[in-house]
Amino acid sequence: MILAKLAYKSLLNRRASVLLTLFTIAISVMLLLSIERVRIDAKSSFSNTISGTDLIVGARTGDIQLLLSSVFRIGHTNNGVSWKSYEYITSQRGVKWSIPISLGDSHKGQAVLGTTLDYFSHYRFAKKQNLTFNKGHPFAAINEVVLGSEVANKLGYKLNDSIVISHGMGNTSFHHHDDNPFKVVGILNPTGTPVDKTLHIPLAAIDLIHGGKASLEHEHEHEHEHEHDEHNNLVGHPKQITAFLMGFNSPLYTLQIRRNINQYKPEALLGIMPTVTLKELWEMLAIVEKILLLFSAVVVLISLLGMLTTLLANLSQRRRELAILRSVGARPWHLFTLISIESLLTTLLGCLAGSVLYYLAIFSAGGYLQSHAGISVNITILSYYELGLIGVIMAAGFIIGLIPATRAYFYSLSDGMSIKA
């Protein structure tokens, strides 16, 4: 206890250099914990983008390309799926539900997705959570649109606003469908998935806004005259869709129909299981995980080496202090223990400060990561794994502290505590 109190007072006496060392250790711990948390939660959010879907079917490309285009709205497929093939495949035995989707249009850089009401009933994310509405309701007419939460917040839309769809994905739009405005009737709750950045319109409207039949305005004008018209009841459909999602009554049907789809002769189609493809995609990104971990480990190592440099530099300046301790009866092992405790205390305080900074950083950046990267960061107590990382840093700090402690021990064996460079 006496040595511990002496080490504490010694640190206070050298608070300027100690605070600098503490700061570097705290920053490194904060970076390590933050990178690990974002890495783990990014993987979780990535895997939770789609849940409960057994198959995704689209034109024959690559598994990952189909997943990215249909679920993450990244890239595009050159071909689509004919409506005839969609109806044939989804009529097979064992199919529980299906969701057709059509992509290719946008609004101010946000993806527009044409689908049916089944989308709001059967689409699942995270742990099979269903989509819920913050305001409004699903589209009930052909000129209505449902917005993802981020689209509404970012563009400042509210219910009953009019929206004009553009042809072309992303920020590049080749044609604005000004003659076919849509009315906002619903705004979804946040999901942390690409759904938040998507505008949802009836599948029947896709063909109409591209001049396939009649304009939306024309349909809207005659809405009361033709209450049973198939378009107003959202029964119409385009000749071709981008892809469709499927759910089955049994996993056995999943494997059987997937095989039939991949061998489908009328057109080249591909069926993928999203959970398997997500795993393959994350394995491809494993190198990014390793780079992030290496980066954080290097930062920690640099901070600990900085602490070692400071301790060795201070050891030469503390020659008189250590000589006085020897003159009042301190043995060499006392000095060894003193220096070791100082390094351990410095590392401990640095880890505690770093943990506080970590929570502040996660709390501050959580909303940004959710809205801009779709990463839902969980603010929880440190896991055993994270505590283990801090334990490794503590052990490394203690081991590094043994170097100046050993040097002080051997120097103290000589009278006068003469320290040579």
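The legends below describe several close-up views of a predicted model.

In this predicted model, local features need a pLDDT of at least 70 and side-chain atom pairs count only at pLDDT 80 or more, whereas totals for chains, interfaces and linings use all residues. Residues are numbered from 1 along each chain as its sequence is written, and side-chain values use heavy atoms, with hydrogens and water left out.

View 1. Helices are DSSP runs of H or I with at least four residues, strands are runs of E with at least two, and both are numbered from the N terminus. The buried residues of helix 4 are Trp83, Ser85, Tyr86, Ile89 and Thr90, where buried means under 20% relative accessible area, exposed over 50% and partly exposed in between, with a 1.4 Å probe and protein chains only. Seen down the axis of helix 4, these buried residues fall within an arc of 160 degrees, so they line one face of the helix; the arc is that of the directions from the helix axis to the C-beta atoms.

**View 2. Aromatic rings.** Rings of Phe, Tyr and Trp (for Trp, the six-membered ring) pair if their centres lie within 6.5 Å, and planes under 30 degrees apart count as stacked, over 60 as edge-to-face and the rest as tilted. The count by this rule is 8 aromatic pairs. Tryptophan 83 and tyrosine 86 form a tilted pair, 4.7 Å centre to centre with 40 degrees between the planes. Because tryptophan 83 and tyrosine 86 are 3 residues apart in helix 4 (residues 83-90), they are separated by about one helical turn. Tyr119, Phe120, Tyr123, Phe133 and Phe139 form one aromatic cluster.

**View 3. The largest nonpolar core.** A nonpolar core is a set of buried Ala, Val, Leu, Ile, Met, Phe, Trp, Tyr and Cys residues joined through side-chain atoms within 4.5 Å. The largest one has 36 residues, and those with the most contacts inside it are Val145, Leu147, Ile163, Ile201, Phe244, Met246 and Ile261. Helix 7 (residues 203-209) gives the most to this core, with 6 residues. Apart from this core lies another, of 32 residues, among them Phe72, Tyr123, Phe125 and Leu188.

**View 4. Helix 3 against helix 10.** Helix 3 (residues 63-70) and helix 10 (residues 274-284) pack at an angle of about 105 degrees, with their axes 10 Å apart; axes are lines fitted to C-alpha atoms, for helices over the stretch in contact, and angles run from 0 to 180 degrees between N-to-C directions. The two helices are therefore roughly perpendicular to each other, since angles under 35 degrees count as roughly parallel, over 145 as roughly antiparallel, 65 to 115 as roughly perpendicular and the rest as oblique. The contact (heavy atoms within 4.5 Å) is made by Asp63, Ile64, Leu67 and Leu68 of helix 3 and by Pro274, Thr277, Leu278, Leu281 and Met284 of helix 10.

**View 5. Two loop residues with positive phi.** Most residues other than glycine have a negative phi. Arginine 73, in the loop between helix 3 and strand 2 (81-82), has a phi near 60 degrees and is buried, with a relative accessible area of 15%. Lysine 108, in the loop between strand 3 (95-107) and strand 4 (110-115), has a positive phi of about 50 degrees and is exposed, with a relative accessible area of 57%.
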